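Let's take a walk through a protein fold together, one piece at a time. Keep the picture handy and follow along as we go.

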Amino acid sequence: MITTRLLPLAALVATFATPAVVVTLSTPLLAGNGQAGIMFDLVAGGQALTVTGGALSLDAGSHSVEVYTRSGTVVGNLGPAGWTLISTINGVAGGGEGTQTFFDFADFAMAAGSTTGIYFNALAGTPVNYTNGVAVGGVVASDANLSIRSGFGRGSAFGGDFSPRNFNGSITYTVGAGAIPEPASWALLLAGFGLTGAVARRRRTAVSA
């Protein structure tokens with residue numbers, strides 16, 4: 001009887017243990033312009049996800065790149081307030097226009113439907129290639145889980161801005177294990193643990209009687 005009652009909980013735990021699906025969403029590599037960096041919005045779809053890395057189109061050579069994030073949109077938030085430096089990566093080898101250089105940076109989570117601003121900044125020179133856009137906030141690339149929006153080219157860290165500019169590169173993310181469960185999922189999981197406790201207490205009471 002106890003085993004039968006625990007089956008729904010076992011199924012729920014199995015759901016949370018499902019291996020993460022790794023996805024790479026790439027933008028067109030049209031280049032045509034460039035500066036020291038680019039900042040833009042990432043908008044999550046109907047599922048929580050975890051961003052784990054990405055790629056830039058960089059001029060040939062070795063570069064040092066900073067990665068900043070902020071909760072919410074980049075629009076109206078071009079200064080350093082509210083931004084967090086999550087990684088500085090040295091020795092990023094650029095391959096020139098029309099190529100992508102993949103690199104790892106600190107993971108960050110996005111809840112379903114949320115917006116996160118991301119900013120890639122090269123510490124020297126203007127090696128970051130991007131493309132002139134149509135409108136800030138326009139969709140540059142998207143799939144079922146994530147969209148990359150048009151944003152702002154930037155001069156040296158939080159320097160002059162140029163808009164609209166389209167990111168040239170990729171964002172890699174996972175959906176599944178390691179992503180944030182939805183509030184309803186947490187509630188279901190907690191309810192399952194509550195059921196486990198209730199069954200255990202009932203069993204102890206029966207044994208004591």
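This is a predicted model: local features need pLDDT of at least 70, side-chain atom pairs count only at pLDDT 80 or more; totals for chains, interfaces and linings use all residues.

Is Ala31 buried or exposed? Buried means under 20% relative accessible area, and Ala31 has 4% relative accessibility, so it counts as buried.

Four strands make up an open sheet in the order 1-14-4-7, and the pairing is antiparallel. At the edges you'll find strand 1 (21-26) and strand 7 (101-110), each of which pairs on one side only. Going from one strand to the next, the twist averages 20 degrees. Zoom in on strand 4 (residues 49-56) and strand 7: these two run antiparallel to each other and pair over 7 bridges. For instance, Ala55 has Phe102 in strand 7 as its bridge partner.

Ignoring neighbours within four places in sequence, Phe103 is in contact with Gly53, Gly54, Ala55, Leu56, Val65, Val67, Ile89, Val92 and Phe120. Phe103 also belongs to the largest nonpolar core, which has 30 residues. Which members of this core touch the most other members? They are Leu42, Val51, Phe103, Phe105, Ile118, Phe120 and Ile171.

Next up, the aromatic rings. When you describe a pair of aromatic rings, you give the distance of the centres and the angle of the planes. Searching the whole structure turns up 12 aromatic pairs. In one of them, Tyr68 and Tyr119, the ring centres are 5.5 Å apart and the planes are at 25 degrees, so the pair is stacked. Tyr68 is in strand 5 (residues 61-71) and Tyr119 is in strand 8 (residues 115-122), so this pair ties together parts that are 51 residues apart in sequence. Both tyrosines are buried, and for Tyr119 the relative accessibility is 0%.

Tyr119 has another ring partner, Phe158. Here the centres are 5.0 Å apart and the planes are at 70 degrees, so this pair is edge-to-face. This pair also links distant parts of the chain, with Tyr119 in strand 8 and Phe158 in a loop, 39 residues apart. That loop runs between strand 12 (151-154) and strand 13. Phe158 has a positive phi of about 55 degrees although it is not a glycine. And at 18% relative accessibility, Phe158 counts as buried because the cut-off is under 20%.

Rings can gather in groups as well: ring pairs join Phe40, Phe103, Phe105, Phe108, Phe120 and Phe167 into a cluster. A ring can also have a charge over it, as with Trp83, where the charged end of Arg70 sits 5.8 Å from the ring centre.

One last stop is Pro164, which you'll find in strand 13 (residues 161-167). Is the peptide bond from Ser163 to Pro164 cis or trans? It is cis, with omega near -10 degrees.

Conventions:
Residues are numbered from 1 along each chain as its sequence is written. Side-chain values use heavy atoms; hydrogens and water are left out. A nonpolar core is a set of buried Ala, Val, Leu, Ile, Met, Phe, Trp, Tyr and Cys residues joined through side-chain atoms within 4.5 Å. Buried means under 20% relative accessible area, exposed over 50%, partly exposed in between (1.4 Å probe, protein chains only). Contact means heavy atoms within 4.5 Å. Two strands pair if DSSP finds at least two bridges between them. Axes are lines fitted to C-alpha atoms, for helices over the stretch in contact, and angles run from 0 to 180 degrees between N-to-C directions. Rings of Phe, Tyr and Trp (its six-membered ring) pair if their centres lie within 6.5 Å; planes under 30 degrees apart count as stacked, over 60 as edge-to-face and the rest as tilted. A charge sits over a ring if NZ of Lys or CZ of Arg is within 6 Å of the ring centre and within 35 degrees of the ring normal.
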